[in-house]
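Open the model in your viewer and keep the sequence panel beside it.

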Amino acid sequence: MNMPSNPVELSFELAASRCADLTPLVYQRLFDEHPETQAMFRSEGSDLVKGSMLALTIEAILDFAGMRHGHFRLIACEVASHDAYGTSPQLFTTFFTIIRDTLRDLLGDEWSIEIAQAWDKLLVDIDALAGTTA
C-alpha cells in the first residue's frame, strides 16, 4: 500500500488500519470533553447523523490539508449553519481538535512530529477560516 505524503492524510490512513469506524471514538471524546454537546443530538437516528457529519468533516479536512478542490468550503458554511443552531464557532472548531486528539491516541507511537506539526498548522488555518482567531 502506498502511504500518502501529506501527514494529515497519513494520520487518517494509519487510523483506518486500526479502526473501522472512528465515529464512536470521536463522539465519545466530544461528549466527555463537552457534555453540553450530547443534548444537541436526538436519541433516534443520531448514529447516522454523527457518521455522516464525521465523514463530511473528514472530507473537508483532507481537502483543506491537501489540494483544496473546494470541499473545504463546507467548513465556513457549516460554521454559519451551526451558529444558527446555537453552536458557537469556537465549539464548532473544537470538533476538529477532537478528531486530531482521537487520531493521536489511536496512532500512539506512530503519531510523528510531522503529523503533529501538520495538524497544528491545519487547526490554526481552520480557526482562521472559521473566524475564531483574533
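Contact here means heavy atoms within 4.5 Å. The model is predicted, and local features need pLDDT of at least 70, side-chain atom pairs count only at pLDDT 80 or more, and totals for chains, interfaces and linings use all residues. Residues are numbered from 1 along each chain as its sequence is written, and side-chain values use heavy atoms, with hydrogens and water left out.

**Whole chain**

Start with a cartoon of the protein chain: it has 6 helices and 0 strands, in the order α-α-α-α-α-α from the N terminus. Helices are DSSP runs of H or I with at least four residues, strands are runs of E with at least two, and numbering starts at the N terminus. Colour by burial next: 41% of the 134 residues count as buried, where buried means under 20% relative accessible area, exposed over 50% and partly exposed in between (1.4 Å probe, protein chains only). Among contacts with a separation of 6 or more, 66% are between residues 24 or more positions apart.

**α2 against α5**

Select residues 23-33 (α2) and 89-107 (α5): these helices pack at about 120°, with axes 9 Å apart. Axes are lines fitted to C-alpha atoms, for helices over the stretch in contact, and angles run from 0 to 180 degrees between N-to-C directions. The angle makes α2 oblique to α5; under 35 degrees counts as roughly parallel, over 145 as roughly antiparallel, 65 to 115 as roughly perpendicular and the rest as oblique.

Show side chains for the contact: L25, V26, Y27, R29, L30 and E33 come from α2, and F95, I98, I99, D101, T102, R104, D105 and L106 from α5. By class there are 8 nonpolar, 1 polar and 5 charged residues. Nonpolar covers Ala, Val, Leu, Ile, Met, Phe, Trp, Tyr, Cys and Pro; charged covers Asp, Glu, Lys and Arg; the others, Gly among them, are polar.

Stay on α2, where T23, V26, Y27, R29, L30 and F31 are buried. The cover over the buried residues of α2 includes α3 (46-65) and α5.

**T57 on α3**

Move to T57 in helix α3. T57 has 13% relative accessibility and therefore counts as buried. Leaving out residues up to four places away in sequence, T57 touches F95, F96 and I99.

**α5 against α6**

The axes of α5 and α6 come within 10 Å and cross at roughly 170°, so the two helices are roughly antiparallel. On α5 the contact uses P89, T93, F96, T97, I99, R100, L103 and L107, and on α6 it uses I115, W119, D120, L123, I126, D127 and A130. These divide into 10 nonpolar, 2 polar and 3 charged.

Centre on D120, which is partly exposed at 42% relative accessible area. A C-alpha distance from D120 to T97 gives 9.2 Å, for residues 23 apart along the chain.

Beyond its neighbours within four places in sequence, S11 is in contact with L103, L107, W111, I115 and W119. Finish with the C-alpha distance from S11 to A116: 9.4 Å, across 105 residues of sequence.
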